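Thanks for coming, everyone. Take a look at the model on the screen, and then I'll walk you through it.

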Amino acid sequence: MVAWAFHRISGVGIFAFVLLHVLDIYLVGGNPQLYDDVLAFYASVPGRLMEVVLGAALLYHSLNGLRIITIDLWPAMTVYHRALWWGTWIIFIVVGVPGALIILRPVWYPFLQSVGMA
């Protein structure tokens, strides 16, 4: 049930991003100044946090989709659905945490420089 809920929530989030992306691409020709403001927001801390959430939604949705495809194409794998679920989360963390750190690097790296740790 949790996998189903997360899959639907991440799908709705991805759909919302696609709509937002169409809108911000429209702004290139429709209102270039507003487009520049939107890009400045994307580069800000809240914008980068939203990017991390988007990346997490995309990664989870794709990994869970592969889990569902595996179970649908090989019904015998249904017995291992719990192991596949945990495998999805392990891959999500192994891939997602470094990705989030890379996206947030402009946020945390200057702090590390200021305290002499980088």
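Start with H7. Setting aside neighbours within four places in sequence, H7 is in contact (heavy atoms within 4.5 Å) with Y60, H61, N64, G65 and I68. This is a predicted model, where local features need pLDDT of at least 70, side-chain atom pairs count only at pLDDT 80 or more, and totals for chains, interfaces and linings use all residues. Residues are numbered from 1 along each chain as its sequence is written, and side-chain values use heavy atoms, with hydrogens and water left out.

H7 lies in helix α1; helices here are DSSP runs of H or I, at least four residues, numbered from the N terminus. Is H7 buried or exposed? Buried: its relative accessible area is 11%, and the cut-off for buried is under 20% (1.4 Å probe, protein chains only).

Now helix α4, residues 81-103. α4 has 23 residues. Where does α4 bend? At G96, by about 25°. That bend is the angle between axes fitted to the seven residues ending there and the seven starting there. A proline, P98, follows within four residues.

Which residues of α4 are buried? W85, T88, F92 and A100. The buried residues of α4 pack against α1 (2-30) and α3 (45-73).

Take F92. Again leaving aside neighbours within four places in sequence, F92 is in contact with A56, L59, Y60, L63 and V97.

One general point to finish. In soluble globular proteins, nonpolar side chains tend to be buried together.

Methods:
Helix = DSSP H or I, 4+ residues; strand = E, 2+ residues; numbered from the N terminus. Expected span 1.5 Å × (residues − 1). Buried < 20%, exposed > 50% of the residue type's maximum accessible area, 1.4 Å probe, protein only.
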